[in-house]
Amino acid sequence: MESTERLHVLELYSGIGVMHYALKSSVPAEVAAAVDVNTTANEIYKHNFPNTPLLPKTIEGMMLQDFDKLNFDVILMSPPCQPFTRDALLKTLRECDHSFQEFLISPTSLGIPNSRLRYFLIARRPPGSFSFPTSAEVVFCLDLF
């Protein structure tokens, strides 16, 4: 992908749009659609991002064809129950032969005054690989600066 191309992103468990805002402030991207079942959060999301299609449903209620129609390059998500979601996601990624790397990052390492570790996972489908060495272990990033 050329550096001037925008990523087309599917945002799952979109909530009020915090991940959308973070994405928008960091890389050239367009959110193709957001999906969340929480009606209160969806009202706030619509206020924050009125031009983004918002699907008020659970991801379990979507068919594969629904996902295919959205034409996205990347999935961005912030699931509500991360330990359970992590167990299921890693199993699925392994079964689909995806490369992935998990990270625990302290916001203080990015200049944000909050020391609670945040979990991130990036994955890539075959035949691609990452431009950095990966590990089966979670990478801890406590102090980058």
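Exposed means over 50% relative accessible area and buried under 20%, with partly exposed in between (1.4 Å probe, protein chains only). The model on screen is predicted: local features need pLDDT of at least 70 and side-chain atom pairs count only at pLDDT 80 or more, while totals for chains, interfaces and linings use all residues. Residues are numbered from 1 along each chain as its sequence is written, and side-chain values use heavy atoms, with hydrogens and water left out.

**Domains.** Colour residues 1-80 as domain 1 and 86-144 as domain 2; the bounds come from an automatic or database domain assignment. The C-alpha centres of the two domains lie 20 Å apart.

**The sheet.** Helices (H or I, at least four residues) and strands (E, at least two) are DSSP runs, numbered from the N terminus. Show the open sheet of 4 strands, with the order E3-E2-E1-E4 and parallel pairing. Two strands pair if DSSP finds at least two bridges between them. E3 and strand E4 (74-77) are the edge strands, each pairing on one side only. Between E2 and E3 there are 2 bridges.

**The cores.** A nonpolar core is a set of buried Ala, Val, Leu, Ile, Met, Phe, Trp, Tyr and Cys residues joined through side-chain atoms within 4.5 Å. For the largest one, select its 9 residues: Val9, Leu23, Ala29, Val31, Ala34, Tyr45, Phe49, Leu54 and Leu76. Strand E2 (residues 29-35) gives the most to this core, 3 residues. Apart from it lies another core of 7 residues, including Ala33, Val35, Phe67 and Leu70. Contact here means heavy atoms within 4.5 Å.

**Helix H2.** Move to residues 39-48, where Ala41, Asn42 and Tyr45 are buried. Viewed down the axis of H2, the buried residues fall within an arc of 100°, so they line one face of the helix; the arc is that of the directions from the helix axis to the C-beta atoms. Strand E1 (7-12), helix H1 (18-24), E2 and strand E3 (54-55) are among the elements that cover them. Turn to the other side of H2 for the exposed Thr39, Thr40, Glu43 and His47. At the start of H2, a side-chain oxygen of asparagine 38 comes to within 3.0 Å of the backbone nitrogen of threonine 40.

**Loops.** In the loop between H2 and E3, select threonine 52. Threonine 52 is buried, at 13% relative accessible area, and touches His20, Val31, Ala33, Ala34 and Tyr45, not counting residues up to four places away in sequence. Next, go to tyrosine 13 in the loop between E1 and H1. Tyrosine 13 has a positive phi of about 50° although it is not a glycine, and is partly exposed at 24%. Asparagine 71, in the loop between helix H3 (64-69) and E4, also has a positive phi, near 50°. Asparagine 71 is exposed, with a relative accessible area of 59%.

**Glutamine 101.** Finish in strand E5 (residues 99-105), at glutamine 101. Glutamine 101 is buried, with a relative accessible area of 1%. The side chain of glutamine 101 lies 2.6 Å from the backbone nitrogen of serine 135, and one of its polar atoms is 2.9 Å from the backbone oxygen of glutamate 137. Residues touching glutamine 101 include Phe120, Leu121, Phe130 and Val138.

Conventions:
A polar contact is a pair of N or O atoms within 3.5 Å; within protein, one must be able to donate a hydrogen and the other to accept it, and residues adjacent in sequence count only if both atoms are side-chain atoms.
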